[in-house]
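Me: I'd like to learn how to read side-chain contacts and aromatic pairs in a protein. Can you walk me through some?

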Amino acid sequence: MGDDYLCFLNRKTMSHTSLQAITPIDGRYAAKTKSLIPYFSEAALIQYRVRVEIEYFLALVAIPLPQLKDFDLGQTQALRDIYKNFSADDAQAIKDIEAVTNHDVKAVEYFIKERFDALGLGAFKEFIHFGLTSQDINNTAIPLSMMEAVDAVYLPQLGALKDQLEAYAKEWAEVPMLARTHGQPASPTRLGKEIQVFVTRLNEQIAGFSSLKHAAKFGGATGNFNAHHVAYPKIDWQEFGRNFVEQSLGLHHSFPTTQIEHYDHMAALFHLMERVNTIILDLNRDMWTYISLDYFKQKIKAGEVGSSAMPHKVNPIDFENSEGNLGIANALLGHLAAKLPVSRLQRDLTDSTVLRTIGMPFGHTLIAFQSTLKGLGKLLLNAEKINADLENNWAVVAEAIQTILRREGFANPYEALKGLTRTNQRIDQQAIHSFIEGLEISEALKNELKAISPQSYTGI
């Protein structure tokens with residue numbers, strides 16, 4: 001894309017203030033989502049359509065079709081410059097044509113024909129959009145924009161979040177921490193290991209993106225290359241379509257299809273994004289809870305307030321913001337995945353308006369990623385509080401003691417520890433050691449049991 005086009009896109013985001021924006025994606029959070037503008041804005045969709053139309057024409061030249069044998073290949077770069085140097089004036093020109101045609105893809109075709117005339121290529125302009133329906137353009141342009149947005153914006157943002165978690169997993173690898181199952185004190189763990197759980201979960205989902213297919217339909221009005229075949233019956237149009245979609249555009253060619261892409265692979269992407277979001281939502285809630293337990297303090301930024309009434313508060317707002325945006329994103333992703341693969345007979349128009357919302361779940365997801373990353377960056381480990389919780393919960397070593405007693409053949413060890421620990425009395429180190437002293441076991445075994453502490457009983 002040319003610099004003029006990117007400047008145009010940036011101006012578009014500034015043409016309305018945040019007070020006038022209908023959605024927070026383009027208003028309050030515009031700075032967090034501006035990297036998606038070159039992929040999901042109206043202007044971006046127009047540019048991707050122009051790109052597909054130009055590349056399709058050049059693919060016809062490469063066959064070569066007899067009527068295109070005199071095309072000057074020296075003009076190839078000039079044609080590609082039409083979309084590579086796409087400008088604000090170009091986008092507006094197409095919208096002006098659309099105001100007359102009331103058809104967005106036809107407006108693109110007419111715009112390119114005007115450019116052909118300006119380049120002295122008018123003799124070839126009827127092979128622009130030759131044999132195609134609008135969905136051959138939409139169902140290639142949109143998957144192409146999604147594929148490039150995933151690679152250029154989504155995965156780097158997700159990678160940055162995962163990298164921060166990985167750094168914390170290593171930094172806190174040896175920090176013992178009281179675990180909680182059902183909200184109650186449980187066998188101790190290590191803070192770094194608990195963070196590593198999320199790293200591993202994200203890694204397993206990220207691996208799925210490499211095998212995901214970004215699929216495109218390309219086959220005429222009902223997917224059978226009817227118009228192409230009737231005009232040039234000796235050409236293998238199915239092979240042509242496959243080569244164009246896979247070699248020229250880098251997408252997966254869906255065939256056979258109806259007039260529209262079946263969207264099954266797109267649904268798979270949305271489901272994958274949902275799973276990633278659910279993992280991060282789970283992380284947000286855990287970090288929020290650790291903060292509420294005072295296991296983490298938060299870095300304070302000068303001038304900020306946490307409450308309009310309570311001056312002392314430093315709220316975990318970044319994790320809360322992320323959780324809220326992930327919920328919105330997943331609701332949209334779920335609808336897209338459920339709706340898009342369903343179309344009446346050879347097509348209805350319900351996919352058209354829905355496809356225009358794809359940028360929304362990407363936007364809310366991006367806001368969430370950045371909010372979680374910001375929240376992680378504020379964390380200050382409160383080792384003193386973490387250790388105090390361990391000291392206040394010596395009962396958690398009961399599992400260790402009864403397990404070793406089982407190993408030694410001691411009668412009813414679980415029941416013996418149950419009697420000690422299932423009371424409302426505080427169990428401390430002295431209570432545990434007194435219990436051990438009262439057991440009829442060897443001194444060596446007593447010493448082994450006394451060596452166990454909440455800080456050391458953290459597994460592997």
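This is a predicted model: local features need pLDDT of at least 70, side-chain atom pairs count only at pLDDT 80 or more; totals for chains, interfaces and linings use all residues.

Me: Where does H214 lie, and is H214 buried or exposed?

Reply: H214 lies in the loop between helix 9 and strand 3. Its relative accessibility is 15%, and buried means under 20%, so H214 counts as buried.

Me: Now the rings. How many aromatic pairs does a search of the whole structure find?

Reply: The search finds 22 aromatic pairs. Take Y154 and F209: their ring centres are 5.4 Å apart and their planes sit at 45°. Planes between the stacked cut-off of 30 degrees and the edge-to-face cut-off of 60 count as tilted, so this pair is tilted.

Me: Which parts does the pair of Y154 and F209 tie together?

Reply: Y154 is in helix 8 (residues 134-171) and F209 is in helix 9 (residues 191-211), so the pair ties together parts 55 residues apart in sequence. Y154 is buried at 2% relative accessible area, and F209 is buried too, at 8%.

Me: What about F218 and F244?

Reply: Their ring centres are 4.9 Å apart with planes at 50°, so that pair is tilted. It links distant parts of the chain, 26 residues apart: F218 is in the loop between strand 3 and helix 10, and F244 is in helix 11. Both F218 and F244 are buried.

How values were computed:
Residues are numbered from 1 along each chain as its sequence is written. Side-chain values use heavy atoms; hydrogens and water are left out. Rings of Phe, Tyr and Trp (its six-membered ring) pair if their centres lie within 6.5 Å; planes under 30 degrees apart count as stacked, over 60 as edge-to-face and the rest as tilted. Helices (H or I, at least four residues) and strands (E, at least two) are DSSP runs, numbered from the N terminus. Buried means under 20% relative accessible area, exposed over 50%, partly exposed in between (1.4 Å probe, protein chains only).
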